[in-house]
Each structure stands twice: as structure tokens, then as C-alpha cells.
Amino acid sequence: MTEVIIMKQDFKWNERKRIWCGLPWTFTKYGMNDDRIFVRKGFLNIKEMEVRLYRILNISISRSFIQRIFGLGTIHIDSTDHDLKCFELKNIKHSEEIKEMISESVEEERSRNRVSSREFMSGSGEGDDMEDLDDDI
């Protein structure tokens, strides 16, 4: 229990998912520290997920008309993580600034861990067809 409290103090960013009009009346929380993004959902049954920043492949943003009126946006993240392959941070205030902060943190983590995007281009490792190539030779 103490570890979770300490971890929450180390967040670079944390926010509660908001409803369509911008009020934080949901039980979904998002957070980011130096090397991970966290998603915590639920009230009675809680599910916590995390993805390491260096595993993130793509970050994009979308803002509907209603979201633009209330200053919100949805950040779409694609990663190589098995639990959180594609996920969204929905109805985030200052979404463009948060997207840029995540993007910069991803690049910092990749260089710190010496990971390049070339390592992710060969496939997910599941179901690669390298065996088929050996049979054709």
C-alpha cells in the first residue's frame, strides 16, 4: 500500500477521465511517471493497467465538436504491450499539451533504454512467417 502512495507522488501527470461536458465524474484515472503510463478503472472492482513508455509506437489525438467546445480531447496510443495494445485517454483537458508531453517522454525513454523504432518494425513476434521462408529455399 505504501508503494502505491509513493508512486502517485512521482507522477508527471495524472488526471481523471471526464464526462462529455468536462466534469470529472468518472472512476477512470490516468497517470504518467518517468517510465510508464497508468490506467486505473473501476469503483468496486478495480483494474489497473500500465504500459512502459518505450513500448509506445504511435500517439494521435482526436477532438470532436463537443470536446472542442469544452476544451477536451481524446489521445489514442498504440503500443507493443500485450495488455494495452491500443488504448485511449478519453476526454482529457489540455489534450494537445499532454500528447506532446507523452511524445517527448517516449523519445527520452527510448534513448535512455537504447530502443529504436526499428526493433518494432519486424512484427510482434507472434505468428511471424520466418518458418515459411525456410521451406521455400
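Which residue does Glu 50 form a salt bridge with, and how far apart are the closest N and O atoms?

Modeller: Keep in mind that this is a predicted model. Glu 50 pairs up with Arg 36 in a salt bridge, and their closest N and O atoms are 3.1 Å apart. Glu 50 sits in strand E4 and Arg 36 in strand E3, so this pair ties together parts that lie 14 residues apart in sequence. The general idea is simple: side chains of opposite charge can pair when their charged atoms come close.

Now look at how much of each partner shows. Glu 50 has a relative accessible area of 33%, so we call Glu 50 partly exposed. Arg 36 comes in at 15%, and because buried means under 20%, Arg 36 counts as buried.

What about the neighbourhood? Glu 50 is also one of the residues that Ile 37 touches, and that list includes Met 49, Val 51 and Ile 77 as well. Ile 37 belongs to the largest nonpolar core, which has 19 residues, and is among those touching the most other members. Strands E3 and E4 each supply at least two residues of that core.

Let's compare with a pair in a helix. In the structure's set of ten salt bridges, another one joins Arg 112 and Glu 109, with the closest N and O atoms 2.9 Å apart. Those two are three residues apart in helix H3, so about one helical turn separates them. Arg 112 is exposed at 55%, while Glu 109 is buried at 5%.

Conventions:
Residues numbered from 1 in each chain as written. Predicted model: local features only at pLDDT ≥ 70, side-chain atom pairs only at ≥ 80, totals over all residues. Heavy atoms only, no water. Core = buried A, V, L, I, M, F, W, Y, C linked by side-chain atoms within 4.5 Å. Buried < 20%, exposed > 50% of the residue type's maximum accessible area, 1.4 Å probe, protein only. Helix = DSSP H or I, 4+ residues; strand = E, 2+ residues; numbered from the N terminus. Contact = heavy atoms within 4.5 Å. Salt bridge = Lys/Arg side-chain N within 4 Å of Asp/Glu carboxyl O. Lists of a residue's contacts leave out its neighbours within four places in sequence.
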